[in-house]
Amino acid sequence: MSNLISIPFKKSYSIDVKEPARRYLEEHTSFHPDAFKADLNQWQVLRDSTVNVPVHVQSIEKLTRYHAQLVAVLTKLPADIGLDISYAHPFRPEVVPVTLRSLVFERASVVFNLAALYSQLGLAEDRSHVDGIKRAIGAFQNATGTLSYLRTEILPQLVFTGLEEETPHDLSRAFIRCFEWLMLAQAQECFWQKAKLDGYKNALIAKLAANTSATYALALSAIQDAPPEVKHLFPLDQLAHIEAKQYHFQAGAYFRKAQEESDKSNYGWEVAYLQAASAEAKRASDVANSRRGVSTMVKTDVKSLVDHLYTELQRAERDNDLIYHKDVPAPSALPTIAHASIAKQTIPSALTIPVKPKDAMFHDLLSWGAQEAINIYNDRKQNLVKEEIIDVDKSLRSHADSFLRQHNLPASLEALERPVGLPPSLLKKAGEVRRENGPVKIDAWFEDLRKQAAHVNNILDEALDILDDEATEDDLARESGGVQRAPSHEANEALVGKERRYREIIVQARNSDETVRRKWEEWEDSIVDLIIEEKDLENLIPSTTGTKNRTAEAALTQRHARMLRTMLENLDEQHQRRIEVVSRAEALARSDDIRGRIQEAAAKASDSAEIQPSAFENILEDELAKYDRFIELIRQSDQTLQDTLASIEDCNDKFLSSRKEDPSIKERERALQSLDLSYHKYKEIGGNLEEGIKFYNDLAGLLLQYKDSCKLWCNHRHEELLSLSSSFASISLDDQKREDRQYAHEQAVSSRQEPEDDNVDDELEALEAEVRLEEEEPESEPEPEPEPARAPEPRRILSEKAKGKMPALPSLGAADWGFESISLPPPPPHQTPRKTKKRLPA
């Protein structure tokens, strides 16, 4: 058992990476998935190699290699490719894991596990000798550097849905920051331990201990100040461990300061510092013994320190009372001990060095940013052609048709021009309805609409049934007792709220369907008339053969009729010209491909850089400009149409005023107008039904996704319920931890991690040199002051080679060891302990 703690792994699960990736490549890229078969296999192998990695130095290479490939993949693919990724909480692997469709979530979890691996490697090191301490320092500094990289570089890219069950709080910035401070504190503690083993001066060891205490205090404060949903994730035994360490090292700092004052013959200050050390050690002992979960080794360290301080304080007080008679400063008069911050964050180089382009997976695939820019262009192109060209053309045509219907055109003109038979325009419209078998087609569409409406309603009912079944299971579990979680009606509030909104949409859609059905019932008979035989249709239209008049008024009417016919033909030509413009624009849109230009621009960027779609904005705007000429033609046609309709209205007024009031002509006009209007109602109802069927199809897709969300949520709730009722999960977890630690200890002997920092000795020697310089300055015995000046803020000591002979290593029984941390093992056989300076006789 160690007196330090490590970070547990986030438990992962084996998943099939290849199939979702193949599906995405097939649906969203121009490549066939088989072109990347080797890359998909490599991805699967790399992913499998990082599931439940052993605590061994070789596991570092597995995690960093997979992480480098993930960074490269995220430049080619979006975060969501439809791959469900699950990771459990590091301290609660038995609960329901968080499942997200996010490659950024995968990357963050891999880096978290890398930091956990470094911490466990540091914990497994044998710190009874200097080489083991150096390796532990490198491991803990790598752990805190990895966590810092995770917090600053990856977590800002991780976006959550907002649902509580889909939010991994163990990957929040607050949670990661707590472990950053903890790993840094443990690295600082290892520096302090090495300084003791190397026999550095008391002044330096005091500064190292003070900084270690302050760093543990920062870790504890980060946990206590974290949001409630993050704070409760930390085990209580770790909080007690960190708090005990904070007081322990503050006591150790005071104790070393007391020894320094004793060496300077400042015996009153020695007593004061020993009293302060005893008070801090008593607080550490109270925390260690009153809280559950603190390790036996930490308790032993604290007890050894308390006992040793008691002996030292008794001796110092007796010597001062009987021999030295020095004033003992009050605790408030003690100056703050300066800090020596030597541990630092070390980001492993493997995290920041990108994979070589030729070795990166999917290196032939267009980057995600470039592909997204192409998709954005295609969307903008389609919207531009539809909204600015096609929709405007439809609007102009609809406006012209509505204008003609209001003025009874061309029915009134055709009634005069063709006193018997049917006008060609009406024959054309009737033939279209007859070929489509219009009424049967409308009835079939109504049946499809009814089935689609019933289908979406059934999907929503099934989703609600799933939630109801979960609520019933939750109620039964609560009746049996032992369930400590939010009830279903609170936990599923967001899902039930969505159900209500979807239900309202369905009700509105049904009302629209009913409106269309009433319209069909109103016009069905008239539309049916359009599909009868031409001879029968002629019999429905009254003739005016006996009413033709050859008077001067009739001649004037004929002249206005010819002018009106010319204008109507001109109107048809305008419609035809707009149709040609629309066809040309659609043809250009179908053949328009800017992939080559995007690829050329993307090739100029770094292969390792994540290119955003916004980088291609200038290209998109330049390419869309080619549609401006079509838009301008449509706009010009709009003004021409308004002028033409104004002329038609004026000529029609003259035509009507010159025509005699003939009842048979009026009757024929009404009959022709009714059939013409029936045709337009047929097209209108058909369009309404097509839109309705498409709406229900789209809604069915959304409701199926909602149903899947309900299933996933209920499965999580069910698994959570099973885990709450299981009493053996924690036992198996403890067994697994013991096996992992035993395995790490056995492997650490044969394979050692080389420390990231080769300058451990240089850093400590530089600090020792500065302490020696401070001691060479003449100083008098300090006197107690009511309000002492504050010590300077902690500062980083520069690493320089110190000159001079190092102080001798004290013997294992000497008081200089202090016994404030761990019981030291005997030295190696080939080393001879050096003698320490003798204390002045009492």
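Helix α4 is mostly covered: 22 of its 22 residues are buried. This is a predicted model. A search of the whole structure finds 16 aromatic pairs.

**Helix α4**
- The helix runs over residues 103–124.
- Its 22 residues should span 32 Å at 1.5 Å a residue, and the end C-alpha atoms lie 31 Å apart, which agrees.
- Ser102 caps the N-terminal end of α4. One of its side-chain oxygens is 3.3 Å from the backbone nitrogen of Val104.

**Aromatic pairs**
- The search gives 16 aromatic pairs in the whole structure. Among them is Phe91 with Phe175: the ring centres are 6.5 Å apart and the planes meet at 65 degrees, so the pair is edge-to-face.
- Phe91 sits in the loop between β1 (85–87) and β2 (98–100), while Phe175 belongs to helix α6 (residues 173–197), so this pair ties together parts 84 residues apart in sequence.
- Phe91 and Phe175 are both buried.
- Phe695 and Tyr696 also form an edge-to-face pair, with 5.4 Å from centre to centre and 65 degrees between the planes.
- Phe695 counts as partly exposed because its relative accessibility is 32%, and the cut-off for buried is under 20%.
- Tyr696 has a relative accessible area of 1%, so it is buried.

**Aromatic cluster**
- Phe31, Phe36, Trp43 and Phe362 form one aromatic cluster.

**Charge over a ring**
- Arg517 places its charged end over the ring of Phe446. The distance to the ring centre is 4.3 Å.

Terms used. Residues are numbered from 1 along each chain as its sequence is written. This is a predicted model: local features need pLDDT of at least 70, side-chain atom pairs count only at pLDDT 80 or more; totals for chains, interfaces and linings use all residues. Side-chain values use heavy atoms; hydrogens and water are left out. Rings of Phe, Tyr and Trp (its six-membered ring) pair if their centres lie within 6.5 Å; planes under 30 degrees apart count as stacked, over 60 as edge-to-face and the rest as tilted. Helices (H or I, at least four residues) and strands (E, at least two) are DSSP runs, numbered from the N terminus. Buried means under 20% relative accessible area, exposed over 50%, partly exposed in between (1.4 Å probe, protein chains only). A charge sits over a ring if NZ of Lys or CZ of Arg is within 6 Å of the ring centre and within 35 degrees of the ring normal. The expected span of a helix is 1.5 Å times one less than its number of residues. A polar contact is a pair of N or O atoms within 3.5 Å; within protein, one must be able to donate a hydrogen and the other to accept it, and residues adjacent in sequence count only if both atoms are side-chain atoms.
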